[in-house]
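Hi everyone, thanks for making the time. Let me put the structure up, and then I'll walk you through the side chains.

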Amino acid sequence: LHKTVYVLFLLFQILGAVILGFGIWILADKTSFIAVLQMSSPSLKTGAYILIGVGALTMLMGFLGCVGAVNEIRCLLGLYFTCLMIILLTQIAAALVIYFQKETLKVELSTIVVDLIENYDPSDEDKRNLQDAWDYVQKQIACCGWTGAKEWENNEILRNKSNAEYPCSCSNRSKDIVEGRGFCNLEDPVNGTATYADWPVHEQGCMDGVEQWLKDNLGIILGVCTGVAVIELLGMILSISLCKNIHSEDYTKVPKS
């Protein structure tokens with residue numbers, strides 16, 4: 001029995017460390033789509049802190065559960081079971097909110113990115129990290145804008161230059177990708193105001209790229225979530241079983257009158 005407890009304890013330490021590490025990564029990451037959301041949306045930053053708290057609590061509960069099982073302390077096992085149930089119910093609630101509010105989240109996400117594109121300014125050092133993160137996304141996914149390159153026509157700097165420049169990170173030319181950020185000049189002059197159709201940029205919008213990435217990795221995401229839920233359920237079952245065993249043993253030790 002003790003070996004089973006130790007194995008489960010180890011699993012909870014690993015699980016807690018993974019959740020904790022994921023929360024820290026969201027806060028620390030500066031070069032991905034997550035970074036764009038984290039720096040633009042307070043709700044994601046709050047979510048990262050919640051993940052850090054849940055990860056630390058999971059590790060603590062694993063330790064307390066192990067202590068409670070080895071020393072047959074019912075109150076610790078009860079606390080362990082209660083906390084696991086709260087964590088599991090919170091995860092289910094969060095998954096349901098994301099599923100049923102996915103269209104609302106999609107609109108909010110679109111608003112964040114479109115606003116970023118319209119106000120993109122390479123000379124603005126205050127937004128340097130956010131803009132670099134978006135440039136990184138466009139380069140890695142080989143996309144331009146959220147739904148397409150046309151959104152960049154609304155950028156104030158490009159409008160003032162008659163769209164004779166375009167975002168380097170959108171470019172499908174290798175020499176522009178080396179530049180990586182800011183704006184690049186059109187090589188062939190255009191009479192009057194240029195349009196996104198005159199730019200040597202990717203046609204795909206980043207929304208399609210992000211959705212495709214989610215579809216490609218959906219199996220892994222669901223697998224990890226299912227694995228986490230199974231480990232938590234095993235912990236709950238084991239803790240309640242140990243509580244009952246301790247209760248039964250206490251009664252067997254009572255002398256018969």
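Let's start with W152, which has a relative accessibility of 0% and so counts as buried. Buried here means under 20% relative accessible area, exposed means over 50%, and partly exposed is in between, with a 1.4 Å probe and protein chains only.

Before going on, a word on the source. This is a predicted model, in which local features need pLDDT of at least 70 and side-chain atom pairs count only at pLDDT 80 or more, while totals for chains, interfaces and linings use all residues. Residues are numbered from 1 along each chain as its sequence is written, and side-chain values use heavy atoms, with hydrogens and water left out.

In total the structure holds 3 aromatic pairs. For Y120 and W152, the ring centres are 5.2 Å apart and the planes sit at 80 degrees, so this pair is edge-to-face. The rule is that rings of Phe, Tyr and Trp (its six-membered ring) pair if their centres lie within 6.5 Å; planes under 30 degrees apart are stacked, over 60 edge-to-face, and the rest tilted. Y120 is in the loop between α5 (102–118) and α6 (128–141), and W152 is in the loop between α6 and α7 (156–160), so the pair ties together parts that are 32 residues apart in sequence. Y120 counts as buried too, at 1% relative accessibility.

Let me zoom out for a moment. There are 10 helices and 2 strands in the protein. Those are DSSP runs numbered from the N terminus: helices are H or I with at least four residues, and strands are E with at least two. Along the sequence the pattern reads α-α-α-α-α-α-α-β-α-β-α-α. The protein has 257 residues, and 35% of them count as buried. If you take contacts between residues at least 6 apart in sequence, 69% join residues at least 24 apart, where contact means heavy atoms within 4.5 Å.

On to the charged side chains. How many salt bridges are there? The count comes to 5, with a salt bridge being a side-chain nitrogen of Lys or Arg within 4 Å of a carboxyl oxygen of Asp or Glu. Have a look at D132, which bridges to R128 with the closest N and O atoms 3.2 Å apart. Both residues lie in helix α6, 4 residues apart, or about one turn of the helix. D132 is partly exposed at 26% relative accessibility, and R128 is partly exposed as well, at 28%.

D132 also has a salt bridge with R181, and there the closest N and O atoms are 2.7 Å apart. This pair links distant parts of the chain: R181 is in the loop between α8 (174–179) and β2 (183–185), D132 is in helix α6, and they are 49 residues apart. Is R181 buried or exposed? R181 counts as buried, at 19% relative accessibility. Together, E125, R128, D132 and R181 are linked in a network of salt bridges.

Another salt bridge joins E153 and K150, with 3.4 Å between the closest N and O atoms. E153 is buried, with a relative accessible area of 14%, whereas K150 is partly exposed at 49%.

Staying in the loop between α6 and α7, we also find N154, which is partly exposed at 39% relative accessibility. Leaving aside residues up to four places away in sequence, N154 touches E118 and R159. The C-alpha atoms of N154 and D115 are 9.8 Å apart, and these two residues are 39 residues apart along the chain.

One last stop, on helix α9 (residues 206–216), whose buried residues are C206, G209 and V210. These cover an arc of only 95 degrees around the axis, which puts them on the same side of α9; the arc is that of the directions from the helix axis to the C-beta atoms.
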